[in-house]
Each structure stands twice: as structure tokens, then as C-alpha cells.
Amino acid sequence: MSTDRLMRILSGADRGVQARLARAALAMLSPGYAAAVSVRNGLFDLGVRSSADLGRPTLSVGNLTVGGTGKTPMVIELAQRLLRQSVRPAVLLRGYRPRGGRAGRASSGLSDEAALLAQELGPAVPVEAGADRCRSARTVLARFPDVGAFILDDGFQHRQVRRDVDLVLIDALRPFGFDHLLPRGLLREPASSLRRASGVIVTRADQVSPDELARLDKRVADWAGKPPLAHVAYRWAALREGAEPRPIEAIGSMRVAGVSGVGNPEAFERSLRQAAGEVVWHRAMGDHHEYDARELEQLAAQARSSGVQAIVTTEKDWVKWARLVAGRPLPVPVLRPVVAAVFLDGAAAVDTLLERMVNPLDKEASR
């Protein structure tokens with residue numbers, strides 16, 4: 001089932017008989033999931049299960065929903081803000097590394113997000129992927145003892161690790177997962193869980209009307225007990241072809257095709273249509289889609305037959321493509337946007353949280 005079809009079913013946009021039956025069937029499964037989440041959170045809230053200290057100030061960046069809220073560009077932005085405060089961060093995320101792999105290096109064994117983070121942040125910020133983030137932290141500190149803080153990518157539900165600052169991203173385009181827990185909706189846990197967050201950052205805030213944003217802010221305040229800490233837009237700052245940067249204006253008069261294997265393909269397609277002269281077609285492949293060489297050849301053939309001048313895809317997708325086309329470049333140019341997180345407001349409040357997190361004298365004030 002395509003991502004678009006699934007979203008139409010979960011959102012209720014598809015009113016057909018099959019869609020209604022699917023929603024009813026999924027709704028029957030959600031109470032069991034809700035019970036499991038409630039028990040797990042209760043064990044941590046009551047202290048029956050404890051959270052491990054990683055030995056450095058720890059910042060979590062997470063969300064309430066499955067799918068893309070823009071964690072990767074936000075993690076990059078927060079890491080850069082810590083560097084500007086003269087603190088060397090390391091990023092810990094779920095994933096795997098081949099035996100003998102090295103922390104902080106992008107390799108063929110890294111997950112797509114980890115490889116992208118390592119590529120964008122460079123050697124100044126170690127990136128370690130692994131199921132056990134306590135072990136990952138020890139691995140990083142053994143190699144880079146000057147690391148002064150950890151960033152947990154997708155860490156809101158990973159309560160096995162204690163955090164000093166807990167930031168939750170809410171996507172303005174798909175804020176509360178259609179108001180249902182998995183599998184009927186996209187919520188990983190109830191919206192009431194926002195109470196344990198240090199702050200909520202609304203992403204893609206520029207993609208909705210002022211009235212819609214005001215209503216969303218009120219919902220966040222109702223659930224979290226405080227208004228959003230900040231509002232963020234994701235802007236296409238430039239393009240890459242191979243390793244070479246190009247101005248974003250380069251596609252302003254081009255006929256292009258889009259391919260995206262991300263959690264929120266609608267946001268990618270919207271940005272693509274804003275930047276390109278004409279989008280002939282867009283293929284949403286599903287989050288974490290695994291490509292093979294034949295599939296890429298088919299996409300290239302479709303691009304040639306439709307007369308497009310380039311394929312535009314995400315950096316996360318390109319990490320996978322590059323392994324498949326090494327030494328055999330595709331016959332159609334492939335462009336990738338460089339996505340930057342831009343604070344529309346709240347940047348000073350975020351910086352203050354980070355400063356208090358890394359300063360032991362102010363640590364209590366950040367809790």
C-alpha cells in the first residue's frame with residue numbers, strides 16, 4: 001500500500017467502504033497498544049524502571065508521531081548551536097554499525113539517518129548508531145573524551161536514558177497523528193505525554209495559515225501545560241549534485257521529477273513545487289524505503305521518457321542511491337536539497353535551555 005493511500009485512510013479523507021472497514025479494524029487494535037504504552041510509561045513514572053545517566057549533559061529530540069517531523073535538520077541545527085557555545089556534542093541514534101565500524105564516520109553500514117548526520121556535521125560531531133544508547137555513549141567517550149554533551153535523535157520514547165532537556169517536535173502539517181494512537185493513527189503515545197517535555201517546537205510552521213497555527217499552539221499549550229517554545233521552518237538553502245553545491249534558483253526554470261522515501265513526502269513535494277519550474281511527477285516511496293539497482297534504473301528510465309531535466313530526491317535517499325550507483329552514475333542528473341532549520345521565533349529560548357544544560361551551575365534551572 002502506498003504512503004499516500006495509507007494517509008488517506010488514516011486521516012479519513014478516503015470515505016470508501018474499504019477505507020472505513022480498514023479504519024474500524026485498526027481501531028480495534030489501538031486499545032491494546034495504548035495499554036502497553038500506559039504500562040511502560042507508568043513503570044518509569046513510578047520509578048520501577050530507571051533511566052541511565054550517560055555521563056554528559058543529554059538533550060533528547062523526539063516526537064509524538066511516526067513519520068517525518070524534521071528531526072534530522074533539527075538535530076543538525078542544535079548540534080551546531082552547541083558547537084557555537086564551545087561544546088562538542090555527539091549524536092546517538094537508533095540503527096546499526098558493522099563490526100569494526102568507527103564512531104563519527106559515515107560508512108556503508110550506517111543507517112541512512114546516521115550517514116546523513118555524519119556527512120552534514122563532519123568530524124567535529126561524532127555520530128554513533130546502535131540499539132543500546134548507553135553502550136553507544138561509552139563507545140563515543142572512549143574515543144572522544146572531549147565530548148561535552150549528547151543529543152539523542154528520536155529519544156522521547158527512549159526513556160531508558162536520562163535527559164536534561166527533552167524537546168518534542170510537532171509537525172504543523174500533521175500535528176497529532178490524526179488524533180489516534182497506532183495503528184489507527186500515527187500517535188506513538190498520547191498527546192498528554194507532552195507534559196514531560198521541556199519544550200515543544202512546532203515545525204513547518206510556515207506551511208499553515210496564522211489561524212491554523214494559533215489553534216495548534218492552543219492545543220499544544222493545553223496538552224503540555226505551556227505554549228510552544230519555538231516555531232521553525234525548513235528551507236531549501238541550496239542544492240547538491242554529487243558533492244558540488246548549486247544555488248536553489250538553479251531549478252527555478254527546470255522540468256524535474258521528485259522521488260522521496262521519507263516520513264512526510266507531502267512536505268517534500270510541496271517544497272519541490274515551490275522551488276522548481278515544473279514538477280512532472282513525484283514518487284513517494286515510503287519512509288526508510290530500501291532501493292535496489294533495478295529500481296533506480298526504472299526511475300531513471302521514467303525520468304528520461306517523461307523528458308525531465310533532473311531527478312530531485314532527499315539527502316537521506318541519496319545516501320542509499322550513492323552506494324548503488326558508485327562507479328555507474330545515472331543518466332539523469334540527481335539533485336538534492338540542502339535543508340536548513342530556520343527559527344521563526346524562540347531561538348533565544350532554545351539557546352538558553354542549551355546553556356543551562358551544559359552549565360552545571362544552572363542545571364537545576366533547566367529542569
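Colleague: Helices here are DSSP runs of H or I with at least four residues, strands are E runs of at least two, and both are numbered from the N terminus. With that settled, where is Arg 204 found?

Modeller: In this predicted model, Arg 204 is in the loop between strand 6 and helix 6, which covers 210-224.

Colleague: Is Arg 204 buried or exposed?

Modeller: Arg 204 has a relative accessible area of 13%; that is under 20%, so it counts as buried.

Colleague: What is phi for Arg 204?

Modeller: Phi is near 50°, a positive value in a residue that is not glycine. Most residues other than glycine have a negative phi. Phe 178 also has a positive phi, about 65°.

Colleague: And where is Phe 178 found?

Modeller: Phe 178 sits in the loop between strand 5 and strand 6. Pro 183 is found in that loop too, and the peptide bond from Leu 182 to Pro 183 is cis.

Colleague: New topic! How many aromatic pairs does the structure hold?

Modeller: Three. One of them is Trp 236 with Phe 268, a tilted pair at 5.6 Å centre to centre and 45° between the planes. This pair links distant parts of the chain, with Trp 236 in strand 7 and Phe 268 in helix 7, 32 residues apart.

Colleague: Are those two buried or exposed?

Modeller: Trp 236 is buried at 14% relative accessible area, and Phe 268 is buried at 8%.

Colleague: Last one: which residue lies over the face of Phe 156?

Modeller: That's Arg 196, at 4.0 Å from the ring centre.

Methods. Residues are numbered from 1 along each chain as its sequence is written. This is a predicted model: local features need pLDDT of at least 70, side-chain atom pairs count only at pLDDT 80 or more; totals for chains, interfaces and linings use all residues. Side-chain values use heavy atoms; hydrogens and water are left out. Buried means under 20% relative accessible area, exposed over 50%, partly exposed in between (1.4 Å probe, protein chains only). Rings of Phe, Tyr and Trp (its six-membered ring) pair if their centres lie within 6.5 Å; planes under 30 degrees apart count as stacked, over 60 as edge-to-face and the rest as tilted. A charge sits over a ring if NZ of Lys or CZ of Arg is within 6 Å of the ring centre and within 35 degrees of the ring normal.
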